[in-house]
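Good morning, colleagues. I would ask you to look first at the sequence and the structure, and then to follow me through two of its parts.

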Amino acid sequence: MQIHSTTFAERLAVLQQDLVKSSLTEIKHGVERETLRVKPDGGLAQTPHNELLGSALTHDFITTDFSESLLEFITPPETSADVTLSQLQDLHKYVVTNMGDEKLWPMSMPCFVSSDDDIPLAQYGSSNIGKMKTLYRVGLKNRYGSMMQAISGVHFNFSLPDGFWQQWISKTSREAVNKDSISAGYFALIRNYRRFCWLIPYLYGASPALCSSFIKGKTTSLPFKKLGKGTLYLPYATSLRMSDLGYTNSAQSGLDICYNEVNSYIESLRKAINKPSVTYQKFAQKKDGQHQQLNANVLQIENELYSPIRPKQPTKRLEKPSDALDERGVDYIEVRALDVNPFSGIGIERNQFFFLDVFLVYCAISPSDFMQAEQYQETEANLKAVVNAGRDPDLHLSNNGQQVTLPEWSDHLFAEMNEVAKVLDSANNCSDYTQALAVEWQKIINPQLTPSARILETLLSTQQDNGELGLSLAATYKQQMLAGDYQLMTEQELFKHAQVSLLKQKDIEAQDVQSFDEFLQDYFEQTQETLAVN
C-alpha cells in the first residue's frame, strides 16, 4: 500500500488539524549509546564486564555490544527528552562509580588498539542463547575484523503514537487503519529518511579523524593527512564512522533489500539470511572444535544487515526481527547514523532530540514515492559524499539526478521542516522545536560550527593526537558524573536492577536442555520453514 503522493502543502495542512497536531505530544523516543571502556593510559580495557553492572544478557538498561569492553546504555521509550537525558545521566553515573580507574571513551572511532586480538569478544554466560550471541560475534570478527566492530554510535529510537496514525491514515489515504497501513506509513518515513539522510552526518558527524592503529595493515584510497604521532584525518570529513572504513559490508551490496513495503522488506531480508556466501564458506568448519560463525550465509542473522535506519518491532524470546515485523508490523524506527557526540558526557545533547523529532515527522508526512534501485543508489552516493567531504564548499549532491549544493538543498529542506517545527511547538506549547532548527541551520550557514569541524579545529590548533583529546574529555566527563547527583534513579535501585538481571541469567541457564549444536540447528531450521511458508 502506497499513501497518495499529494503535495507537501496539502499534507502539512492535515498535520496542522487539531486532532492530528494534538497526537504529536505522544511521540516517544529512546536512546542506545555505545562506549568503549578504556584504561588510564587510553588503551582498551581488557577486564570483564563488572558484575556490579549486572548481566549483559538480561539487563534492561546496561549491556555490551560486540566487545566485552564495549558498553551499551539503553533507555526505555519516553515522551520527554529530559526524562531520557536524565536516565542516561543516571546510567552513566552508576557505571563510572563502579569501574575503578577505567573511563568511558567519548568518541565514535576507537582508542588505540594494537590488534584485533586485543578486542575481547562479549561474553553472555553458559546458556545456549548466551553462547549464540558470542558466536555471532566470533563470526563478525572472522568476516570483517574486530576493529570495525569496536566503533561506537548512538541509536535514536522514534515512534509516532497510534492516535497520530489513526488520524493521518484516514485523512491521507483510502486505507483502513491497521498494522499494514501503519507499517506503510513508517516505510514512507524510511524512504524519505534515506533521501535526506546525508543531513545527519553533516549536522552530527563527529569523527573526521581516527587513530592510525585503526587502519594498520589495511589499504585505503582515502587521502588521509597525518597529525601528531598517530592521528589521521580528512580535512572535510564529517563521519569516518559511516565511511567505507566503518560500518559497511561489500558482500551486502547485491542483496537488494527493498524499503518500499513491509512485506517486500521482510521477504528480501529473509532471503539474505538464507543466501549462501562463497566468501564465508571458509569459516564453515569448526576450528579446534569450535564454531567460527553461526552459518556461512551472507548474513548470519538479520542484525548483521548494516543500515542507517531500521524498522523495528520488539521481539519475544528467540523471535527473529522479521517474524516480529510480519506478525505485528512496525512499532518504531531506529536511526543508526548518529556519531557519539564528544561534546556531551552521555553522547547526545538535548537539542538533538528536538531536531530529530522535526526531521523524522517531516520524513513521515512528506510525499514519499517508492524507490527504484537507481534512486536508492543515489541516496547511498549522497551519504558517502557527505561522510567523506561534507564540509567541502565545492561538494555537490544529486537530487533526482539534478546536481545541487548542500546549502541549496538544505535551504529547501529547512524551509519545509520549519513549518513542521511550528506545528510541534504549538502542540507542545513550547518553542524548543523551532529553536532546535535555528541552531542546526547555523551549521549550514557556517560549516565551522559542525561537530566535525570543531573537533578538527581543536586537534589542529593544539596539535593534539585524537587519542589525547579523547582521554582528556573522558577524564573530564568522569569527574563531572562522579560529582553530580542521581536524577531519576538511585544507586540502590540500579544495584537492584543489576542483581535481578544476574538471577534472570541463572534461570535461563538452568532451563537449557539441548546441546548447543542442537539449539543452533533448531533455530535455523525455523528460519528455513518461515521462508518456505512465505
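Three bridges join strand E7 to strand E8 (residues 231–233), and the two run antiparallel. Strands here are DSSP runs (E, at least two residues) and helices are DSSP runs (H or I, at least four), numbered from the N terminus; two strands pair if DSSP finds at least two bridges between them. Leu-227 stands opposite Thr-231 in E8.

Please note that this is a predicted model, in which local features need pLDDT of at least 70 and side-chain atom pairs count only at pLDDT 80 or more, while totals for chains, interfaces and linings use all residues. Residues are numbered from 1 along each chain as its sequence is written, and side-chain values use heavy atoms, with hydrogens and water left out.

The open sheet has three strands in the order E6-E8-E7, with antiparallel pairing. Strand E6 (209–211) and strand E7 (225–227) stand at the edges, each with a single partner strand, so one side of each is left without a neighbour in the sheet.

I turn now to the helices. Helix H13 (residues 406–428) packs against helix H14 (residues 432–445) at an angle of about 165 degrees, their axes 7 Å apart; axes are lines fitted to C-alpha atoms, for helices over the stretch in contact, and angles run from 0 to 180 degrees between N-to-C directions. H13 is therefore roughly antiparallel to H14 (angles over 145 degrees count as such).

Note on methods. Parallel < 35°, antiparallel > 145°, perpendicular 65-115°, else oblique.
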